[in-house]
Amino acid sequence: MTAPRWIIHLPTTLTSLGDASALAVALRDSLGHLGVLDFGEITLSEEDAQFLRTRVFCDAALDGAGRCRRRDAHDGPCAAVPSTEVGVPATSGHPDFTHTVSIRER
C-alpha cells in the first residue's frame, strides 16, 4: 500500500487568476528542481470557492519523456519544456502567460 500524498494549500493576497497563474509559473521555475513537488498538478481557486479549481499546467504524459510542462489548454503539441524553451525568444516574454507578479515584503 502506498502512503498518501500531502497537499500544501498556500493562500495568497493576489486578486486575479492571471496573477495567481504567473506566481505558479514562477514557483515552478524557481523550485522545479525539488523532486518532492508535483507542479504539473497545480490548481488555482478563489478563496471562497475552493471546490472550483483551474488547472495551470497541461501535465499530459509524453511518450517516454515525462510530462507536458506547458500551460493547460495550450496551442500546439505537448512538450517536456515550457514554451520559452522551444523556440520562443526570451525578449518577447512568456507566450503562455501575459501577466507579471510584483512581490513586495510587508
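Reader: Which residues make the nonpolar surface patch of about 590 Å²?

Author: In this predicted model, the patch is made by Ile8, Leu10, Leu31, Leu34, Val36 and Leu37.

Reader: Where is leucine 34 found?

Author: Leucine 34 is in the loop between helix H1 (17–31) and strand S1 (43–46).

Reader: Why does leucine 34 count as partly exposed?

Author: Buried means under 20% relative accessible area, and exposed means over 50%. Leucine 34 has 34% relative accessibility, so the residue counts as partly exposed.

Reader: Take alanine 20. What is it in contact with, leaving aside neighbours within four places in sequence?

Author: With Leu14 and Leu44. Leu44 is itself one of the core residues.

Reader: On to the salt bridges. How many does the structure hold?

Author: The structure holds 4.

Reader: Which residue does arginine 5 form a salt bridge with?

Author: Aspartate 38, with the closest N and O atoms 3.4 Å apart. The pair links distant parts of the chain. Arginine 5 is in the segment before H1, and aspartate 38 is in the loop between H1 and S1. They are 33 residues apart.

Reader: Are these two buried or exposed?

Author: Arginine 5 is exposed, with a relative accessible area of 63%. Aspartate 38 is partly exposed, at 37%.

Reader: What does arginine 55 form a salt bridge with?

Author: Glutamate 41, with the closest N and O atoms 3.8 Å apart. Arginine 55 lies in strand S2 and glutamate 41 in the loop between H1 and S1, so the pair ties together parts that are 14 residues apart in sequence. Arginine 55 is partly exposed, with a relative accessible area of 32%. Glutamate 41 is also partly exposed, at 38%.

Reader: And aspartate 59: which side chain does it meet in a salt bridge?

Author: That of arginine 67, at 3.2 Å, N to O. Arginine 67, at 43%, counts as partly exposed.

Reader: Back to strand S2. Where is arginine 53, and what is it in contact with?

Author: Arginine 53 is found in S2, residues 49–55. Leaving aside neighbours within four places in sequence, arginine 53 is in contact with His9, Thr43, Leu44 and Ser45. At 48% relative accessibility, arginine 53 counts as partly exposed.

Reader: How many Å separate the C-alpha atoms of arginine 53 and isoleucine 42?

Author: They are separated by 9.4 Å. Along the chain, the two residues are 11 apart. Isoleucine 42 belongs to the largest nonpolar core.

Reader: Last, confidence. What pLDDT does the protein chain average?

Author: The average is 80, and 77% of the residues score at least 70.

Reader: Where is the pLDDT below 50?

Author: Over residues 85–106. Beyond near neighbours in sequence, this stretch has 26 contacts in the model. Now the general idea. Where pLDDT is low, the predicted coordinates should not be read in detail.

Note on methods
Residues are numbered from 1 along each chain as its sequence is written. Side-chain values use heavy atoms; hydrogens and water are left out. pLDDT is the predictor's confidence in each residue, from 0 to 100. Contact means heavy atoms within 4.5 Å. Patches are made of residues with over 30% relative accessible area and no salt bridge: like charges are joined within 9 Å, nonpolar side chains (Val, Leu, Ile, Met, Phe, Trp, Tyr) within 5 Å. Accessible areas come from the Shrake-Rupley method with a 1.4 Å probe; for residues, only the protein chains shown count as cover. Helices (H or I, at least four residues) and strands (E, at least two) are DSSP runs, numbered from the N terminus. Buried means under 20% relative accessible area, exposed over 50%, partly exposed in between (1.4 Å probe, protein chains only). A nonpolar core is a set of buried Ala, Val, Leu, Ile, Met, Phe, Trp, Tyr and Cys residues joined through side-chain atoms within 4.5 Å.
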